[in-house]
Amino acid sequence: MSESTAKVEAHDPAFPAKFLEFMRTGWAEDSLAVQPSPGTPRYAERRAALSAQFPGETLIIPTGREKTRANDTEYPFRAGSDFAYLTGDLDPDSVLVFHPVGDGHDAVLYTKPRNSRETDDFFRSRDGELWVGRRATLTEKSAELGVETTVLTDLERVLGDCAPRRTRVLRGFDPEVDAAVRPWTERDEKDQKARDGRTRDQELATAISELKLVKDPWEIEQLQDAIDATVRGFEDVARILPADRGVRERLIEGVFGLRARYEGNDVGYSSIVGAGRHATTLHWVRNDGVTVPGELLLMDMGVENRNLYTADVTRTVPVSGSFSALQRDVYDIVYRSQQAGIDFIKPGVKFEDIHLTCMRVLAEGLADLGVLPVSVDEAMDKESTIYRRWTLHSFGHMLGIDVHDCSNARKENYRDGVVAENYVLTVEPGLYFQAEDELVPAELRGIGVRIEDDVLVTATGTRVMSEGLPRSSAQVEEWMAAQRAAGPRLPGA
């Protein structure tokens with residue numbers, strides 16, 4: 001009989017031997033009828049594309065480990081984005097290794113197998129199946145994901161055999177992997193940085209990020225799935241938002257979160273629910289305020305679908321159902337800015353020019369409101385940009401398996417580059433007048449407006465993937481009325 005490898009915790013009972021022996025018997029063998037994942041061909045294509053960039057080198061991509069939330073409880077595990085992009089595997093602890101073979105690589109997934117019923121791991125271990133549910137066998141996982149699998153315990157030997165000069169590691173996800181494979185010598189790393197500013201390991205992260213810039217058809221389907229669920233989540237919120245009394249921001253966060261958990265994996269990022277002056281705090285995630293009839297409510301929320309692709313949508317709505325004249329003026333400036341950016345986008349245009357297109361409309365609007373202390377041209381001058389006091393952020397960002405996708409791409413291929421067909425990006429201009437800002441009229445203080453949509457770059461222009469939610473001020477008012485008339489609903493009802 002095999003010995004148990006279960007970790008014994010201080011609070012575990014001292015089970016008698018007869019009970020342990022009894023628990024190891026009487027279990028039927030079961031198997032899953034596994035079908036290849038719809039994304040399996042795409043994962044293989046991505047691995048092949050990455051392999052082609054690093055012939056003769058070992059590549060190591062971990063997913064990461066569960067993280068402690070408090071004492072012996074963990075945060076819900078979310079697979080590493082680059083690892084999931086290359087494998088589709090969503091379980092913790094696994095590591096993908098590209099073993100060089102000839103001109104290419106053999107990709108092998110090192111992962112935990114099912115708990116053996118011959119030991120007490122399956123009912124005593126903290127990740128045992130009677131605690132956390134059935135784990136796929138190696139054969140089942142391989143059939144589902146289309147990648148060779150082997151036991152995680154083999155990884156220590158593999159890592160020990162890696163030559164640093166011919167190995168690249170996606171670092172920061174698994175401390176044991178990071179420690180097992182030392183970077184190329186410090187001196188060589190410094191020489192590498194002197195040449196191009198990136199280490200060998202950073203070049204691996206960059207290569208994966210740049211593969212993610214262009215979305216394939218399956219990825220676009222996944223994003224649309226997440227966005228459509230997000231639209232329904234915003235509808236859920238509008239249906240429970242009273243026009244005549246306040247409700248807590250966390251009620252709104254919770255209602256949207258229900259939709260995200262029901263239709264997807266979770267929210268794609270911490271929901272921002274900013275009532276009144278909270279809307280002027282760009283990343284307001286405390287969500288401990290209360291809505292006020294007559295004020296605005298800014299909601300920046302997105303569903304992450306079951307394959308980890310996320311939406312990112314923002315709407316600013318009048319709690320009462322109708323904008324005041326001043327609120328409408330501010331909202332319409334932001335809407336015009338967003339529409340100008342969407343209209344400008346097409347393959348070959350620069351990210352910077354999209355930004356400037358949106359920002360000029362905002363600056364012109366600030367001038368119309370009497371806020372700019374200088375001319376629009378002076379405010380837009382790159383040595384000034386004082387208009388940014390009231391907007392702060394850029395026009396948007398790439399979107400995909402991360403809410404801020406492709407973050408390790410080189411600047412010349414992203415922020416300093418141009419957009420291409422099948423990029424998916426957000427367009428999200430905003431104006432924020434802080435409550436304590438003495439440089440704006442008192443009636444503007446505390447007003448914050450952002451409108452954000454998810455946009456696919458097509459061969460000739462764009463398609464707004466989040467068009468299921470209205471954007472103009474008049475459409476928003478009509479939408480609010482229609483949702484409230486429809487009444488509350490539960491997902492799936």
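**Close-up 1. Asp-174 and Arg-65 form a salt bridge in this predicted model.** Their closest N and O atoms are 2.9 Å apart. A salt bridge here is a side-chain nitrogen of Lys or Arg within 4 Å of a carboxyl oxygen of Asp or Glu. The pair links distant parts of the chain, 109 residues apart. Asp-174 sits in the loop between strand 7 (167–169) and helix 8 (175–180). Arg-65 sits in the loop between strand 1 (58–62) and strand 2 (68–70). Helices (H or I, at least four residues) and strands (E, at least two) are DSSP runs, numbered from the N terminus. Asp-174 is buried, at 1% relative accessible area. Arg-65 is partly exposed, at 29%. Buried means under 20% relative accessible area, exposed means over 50%, and partly exposed lies in between (1.4 Å probe, protein chains only).

Residues are numbered from 1 along each chain as its sequence is written, and side-chain values use heavy atoms, with hydrogens and water left out. Because the model is predicted, local features need pLDDT of at least 70 and side-chain atom pairs count only at pLDDT 80 or more, while totals for chains, interfaces and linings use all residues.

**Close-up 2. Asp-91 meets Lys-141 in a salt bridge.** The N to O distance is 2.7 Å. Asp-91 lies in the loop between helix 3 (81–87) and strand 4 (95–101), and Lys-141 in helix 6 (residues 138–145), so the pair ties together parts 50 residues apart in sequence. Asp-91 is partly exposed, at 32% relative accessibility. Lys-141 is buried, at 4%.

**Close-up 3. Asp-377 and Arg-360 join two helices through a salt bridge.** Their side chains meet at 3.0 Å, N to O. Asp-377 belongs to helix 15 (residues 376–380) and Arg-360 to helix 14 (residues 351–368). The two parts are 17 residues apart in sequence. Asp-377 is exposed, with a relative accessible area of 53%. Arg-360 is partly exposed, at 31%.

Close-up 4. A search of the whole structure finds 39 salt bridges.

**Close-up 5. Helix 10 (residues 200–211) is mostly covered.** Of its 12 residues, 10 are buried. Among them are Arg-200, Asp-201, Leu-204 and Ile-208. From first C-alpha to last, helix 10 reaches 17 Å, close to the 16 Å expected at 1.5 Å a residue. That expected span is 1.5 Å times one less than the number of residues.
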